[in-house]
Amino acid sequence: MTHRGGARGPSADVHPADAEGTKAPPGHPVASGPGFDDEGWPGGEPWPSPWPHGYRWAPDAADGYGRRPGKATDTTDAPAGLTEGARGAWPESRAVGARPGRGNLPGAPPAGAAGRDPGEKADGPWGRPRAWPVAPAEWDTPAGRRFVRGVHAVAGAVAVLAVGWTAWHGVAQPQVALAWGALIALGEAVWRSHPGGKAAQPRRPAPVGAAGALAYALLGAVGGRAAAHDVPQVVAVVLAATLAGAAGRPPALDELARRVLTTAFAAVCFQPPHHTGALDRWPGHGPYYVLYLLSLLALSALGDALLAAALARARTGGRYGPALRTELRAVEGPGAAIHAAGVVIAPAVGAAGLWALPALGLPLLFVQLGARRQEAARAVRHQTVAALARATEIAGHVPAGRSHRVVALGRAVGRELGLSAAELDAVEQTALLRDVGRLALPDAAPPAERRRAALLAAAVARRAEVPAGVVVAVERQAEPYRAQPLAARIVATVRAYDAYDEHDDYDDYDDPTGDEARGPLRALERLRLATAYDHEPRVVEALARVLSRCAPAPADLR
Amino acid sequence: MWALPATARALVVGAVLAAALCAAPALRAGSGVSWATVALLAAVCAAAERLPRRSLALPVLLTAAFLLPPAAAALVAVPGAFVGRVERPPVATRRLWHAAQQSLAAWAASYVFAVFPPLPGLHALPSALAAALVCALLVAVLDGAIQVTAEHRPPHEAWRGLPTGSLVPALVHGPAALLAAILWRGTYGPAAALLVLLPMALSGRLLDSGRRERAAQQAAVRALVQAVDLKDRYTRAHCERVGRASVLIARELGMTGERLEAMRLAGVLHDIGKIGVPTRLLRKDGPLTPEERRVIELHPEYGHEIVRGIAFLDEARAAILHHHERLDGKGYPHGLTGHQIPEFARVVAVADAFDAMTSNRSYSRARPVPVALAELHRCAGSHFDPRMVAALTRALDHRGWGPVAPADASDLVLSTSRNVPSGCSAEAAVGRGGER
C-alpha cells in the first residue's frame, strides 16, 4: 500500500483542520456532488456540495477531478499542492501508519462534474478524458431519439386532428363529455396532489384517469339511448381532461403520447363498429358484450405496454424483453383492477344512466388514493436509501460520485443480464446501502473489518425496510461470489471495476492488493483473473460487453 | 361457547334464533326464490370473506339485499361465515355469531329496500342508500354488543365512531351495490355486476395504506438514527433526548398531530450531520482548536445535505440546517436573526442546549436541570427564543425531565465547559453543539 502514497489526495491524508484555507465560508460550493434527483435518486441534477473550499487541497494542485497531476510514486514527499501546515502533518500521519482521517472530505467530484476542462490532459490508456463511459441516466442513441420523437409526432398529429375535428363539428352530448372529463381530471388531480411535493411525484400515470379514458372510448349508450360521440371527440375530451387535471404538474410527454395513442386505438376499435351497428349483430347486448369490452381492454393495455417498453428501450438501451416484462408487470395489481372496473363503467352508464359514473368513479378514486399512498411509501424507502448513500459519501468513506457511477453501470450490467425492474432496483439499493456499515469503523480500520461492516450495513438496511433480497445482498458483500445473490455479485464486480479503473485514496478498502496499474483494460483484466473466487464470470463478461458498447474505442485499435 | 358470560351466550343464541326466523320463509315451498342467484351470491360472499379485512362483504350483502327478497338475502351470508378466517377461539361460536349477524343485516337491508315501491334506475337510489345505512349500522351495533357482553369492553369504547363510522361505507357501497344489482338484472348479466364489485375487493388492502406510508416514514427515521448510532453512540442518545425535549416544548406551544410528529423528527435527526464529522473530533475530550471547531460547525450543512432528498421531512430539514443559528445573528451556518430562523430550528436549538448541559459529556459533567434552565433564561433573547425557553420551563414543571439524573448539588460545577470563550456558558455548550 505504501507505494501508492503519492497518488493520494492530500485531502485524505491530512486532516482538513490541519490544512490551510479552512477559513472559507462553509457551504461554499466547490464541486457538484453526484446527481441525486429530488426524489433522492441518482440521475438528477447535481446537488450543491457543502464542501468548503480549501478543505480539499489547493485547487491549482489538482486537476478537475481532484486528482493530482503526475502521480508521484515517491512515498515520503508531500504532494506539491499542500501548504506548509499540511506538509508538517503529512509525515506524522504516515509515521503512525494511520489511515487518512475518516470524515475527511471526499476526494474527487464525479466525472463530468461542472468545471471540468474538456481539453485537459488525457488520462488512462485510451487517451480519453476521465469521464465515465456510461452516461448515467440515459443512453440516448440517435436511433432511440428518432423513435421517441416519432412517437411524440404521431401522438401530436392525432391530438391536433382530433381537437380540430371536434372544434369544427362541435361536441356531441356535452353533458356526457363534461361528466367524463370531470372524472378523468379528478383522477389525475388526486393522483398528483399527494402531499410530499414534487419529489413524491408518481412515475406511473393515474389509473382512474386511464380507466376513465378507456371507458369513454368504449361508451356506446347512455341510459338506454345511443351515445353520439365519435373517435375524434373521445381523443379531444380525454386529452383536455388529462391536461386540466394535471394543471400545474404537467405530465411527461411520453405519458401524454401514450394516453392519446391508447385512447385513439380503443376508440377506433369500438366506435366505428358500434355506429355502423356491427356490434349489435355480434356480440350483441348480452354477457358476451362485457367479454368483448374486456378483450378490447386487454388489447389496448397490451398495446400500451408495447409502446411504453419501446419508449423505455429507446431511452435506456438494453433489451426489449425485460423492458416489456417490466411494463406488463406494472399493469397488474390495483392498476389492472381499476382498469377492469373502469371498463364496466361504460355498460353501467349505458344501462342505468349518467349517475352510474360518480357511483362507480367514487370508489375507484378511493382505491386509487390507497394505491397512491403505497407509491408514496415506496418513494420514502428509496429516498431513505439514497440519503444513507449520501451519508457515507459525506462521511468520506466513499469517494464522492462512486455510488452514483456504480448504480449507473450496475443497472446497465443488470439490463444486459436481462433483469427485471424490481431486480434492477435491488441492484441499485445494494450499491447504495453497501457501505453504510463503514460508518462504524474507526478512522483507521484494517480491511479485515469488512465482514463486520457488512453485518452492520445489513442491520441498517433492515431498518430501512428494503426488500429482504437487498438485505441479504448487503450482508454477503464480503463473501465469495458463489455465496452471494446476483445483485450483490453485480455490485461487487462493478465496484471493483470502478476502484481498479480509477485508483484513489479510498481504494485500499476495495482493493487491498494495491495494484498500481489502472484504466479500463487493466481493470477488466484484473476482474477476469479474479473469476475463480471473487467475481462471477457471467457478470464480468456482461460488464465487458456494456463497456465495449459505450466506451469510446481507442483509435489505434479500431 | 360455555366459556362465554351468560349475557353473551344469550345474545348469540338470540341472534341465531332471530336469523333463523328471518330466513325461514325462503325455505318454504313456493317462495319463488331464484336459487341460482342465491348460490352464486353465496359463493361470491364466501370468497369475499377470505379477503383481507372483509372489504367486499358489505357490497356483496347489499347486492344480495337489492336482488333478493329478505328471507333469501339472509341465507346468502351463511356459507361465507363458515369458511371465513377466524383468528381467535372460540372458533365455532364466532362463526355462528358472524353468520347470524350478517344474515340479520342482509335481511334488514332487503326489508328496508322493499318497503319503498320498486323504482327504475336513479330513483331507487334513496331507498338503496337507506338500506345500506341500515345494514352498516346493524353490523356495527351488533359488533359492539358482542364486544360489550363477551369481552367486557366499556360500551362507549365498543360503539365509538357510531353512527358516522357507518356513514362513509354506506354512501360509497350503497350506490355501487345498486348498480351491481341493476347490471345483474340487465342484459349484461352477473359478469358485469361482479366487475363492478372488483374495486371494492381491493379497497380493504389499500385502506391501511395510510398506515403503511407512516410505517415507511418511521422505518426511514429508524434507519437514519441507526446510521448515527454506528458513527457515535452518544450522538444517537443525545438526538433521541433532544427529540423528546422538542416535543415537550412543541406541546406547550400548542402544536398537535402531524406538526408535533414533525417536531419530534426534527429533534431526533438534528445532529445527523455529525456523520460527516471525523469520529476522533466527536470523541475528543481535550479542547478544540479553532480549525477543529470550524469542522464541527459544518455539521448542520452535512445533515441538511443528507436528508435533502427525503420529501416527508419537510419542516424538519429547516431545523436540521438552522439549529445553531442565534437570535442575534451570531450563529451558523447562515447567521440568520430573529424570525428569519425557522420556528422548528428555534425549538430544537433550545432542546439541544438543554440536553447538552444536562447530560454527561467527555469534557463536562452533567448539570442539574434548574441550573441548565437558569442558563437558558440568561441567554434567552440573545441566543435563544425566550418563548421556547419559557415553554420548556413550563413543560418541565408539568412533566419533569426523566432520562438524566441530576448531578449532586455538591459537585455542581458551573463552568465545566472548556472552550468557553466568554459570555454565557449555555452558548458554550451549544458552541460545542452537543457534538459529543
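**Reading the two chains**

Mentor: Let us start with chain A, which has 20 helices and 4 strands. Please keep in mind that this is a predicted model.

Trainee: What share of the residues of chain A counts as buried?

Mentor: Chain A has 558 residues. A residue counts as buried when its relative accessible area is under 20%. In chain A, the share that counts as buried is 57%.

Trainee: How much of the accessible surface of chain A belongs to carbon and sulfur atoms?

Mentor: The accessible surface of chain A comes to about 21500 Å². The part that belongs to carbon and sulfur atoms is 62%.

Trainee: Where in chain B does pLDDT stay under 50?

Mentor: Chain B averages a pLDDT of 84, and 90% of its residues score at least 70. Where pLDDT is low, the predicted coordinates should not be read in detail. In chain B, pLDDT stays under 50 over residues 404–436.

Trainee: How far apart are the end C-alpha atoms of residues 128–150 of chain B?

Mentor: The unreviewed UniProt entry annotates several spans of chain B as "transmembrane region", including residues 96–116 and 128–150. Residues 96–116 of chain B are 95% helix and 0% strand, with end C-alpha atoms 31 Å apart. Residues 128–150 of chain B are 100% helix and 0% strand, and the distance between their end C-alpha atoms is 33 Å.

Trainee: Which element gives the most residues to the nonpolar patch?

Mentor: The patch on the surface is formed by A:Leu362, A:Phe366, B:Leu167, B:Val168 and B:Leu171, with about 440 Å² of accessible area together. Two elements give two or more residues to the patch: α12 (356–394) of chain A and α8 (164–185) of chain B. With 3 residues, the element that gives the most is α8(B).

Trainee: Is A:Gln173 buried or exposed?

Mentor: A:Gln173 is placed in the loop between α3 (142–169) and α4 (174–192) of chain A. Leaving out residues up to four places away in sequence, A:Gln173 touches A:Ala226, A:Ala227, A:Ala228 and A:His229. Its relative accessibility is 17%, so A:Gln173 counts as buried.

Trainee: Which residue of chain A forms a salt bridge with B:Arg222?

Mentor: Side chains of opposite charge can pair when their charged atoms come close. For B:Arg222 and its partner, the closest N and O atoms are 3.5 Å apart. B:Arg222 lies in helix α10 (residues 209–231) of chain B and the partner in the loop between α15 (450–463) and α16 (468–475) of chain A, so the pair joins two chains. The partner is A:Glu465.

Trainee: How many residues apart in sequence are the parts that B:Arg241 and B:Asp355 tie together?

Mentor: The side chains of B:Arg241 and B:Asp355 meet in a salt bridge, at 2.5 Å from N to O. B:Arg241 lies in helix α11 (residues 233–252) and B:Asp355 in helix α17 (residues 343–358) of chain B, so the parts they tie together are separated in sequence by 114 residues.

Trainee: Are B:Asp385 and B:Arg346 buried or exposed?

Mentor: The side chains of B:Asp385 and B:Arg346 meet in a salt bridge, at 2.6 Å from N to O. Both residues are buried.

Definitions and conventions. Residues are numbered from 1 along each chain as its sequence is written. Chains are lettered from A and ligands numbered from 1 in the order in which they are written. This is a predicted model: local features need pLDDT of at least 70, side-chain atom pairs count only at pLDDT 80 or more; totals for chains, interfaces and linings use all residues. Side-chain values use heavy atoms; hydrogens and water are left out. UniProt positions are given in the numbering used here, feature names are shortened, and annotations may be inferred rather than shown by experiment. pLDDT is the predictor's confidence in each residue, from 0 to 100. Contact means heavy atoms within 4.5 Å. Patches are made of residues with over 30% relative accessible area and no salt bridge: like charges are joined within 9 Å, nonpolar side chains (Val, Leu, Ile, Met, Phe, Trp, Tyr) within 5 Å. Accessible areas come from the Shrake-Rupley method with a 1.4 Å probe; for residues, only the protein chains shown count as cover. A salt bridge is a side-chain nitrogen of Lys or Arg within 4 Å of a carboxyl oxygen of Asp or Glu. Buried means under 20% relative accessible area, exposed over 50%, partly exposed in between (1.4 Å probe, protein chains only).
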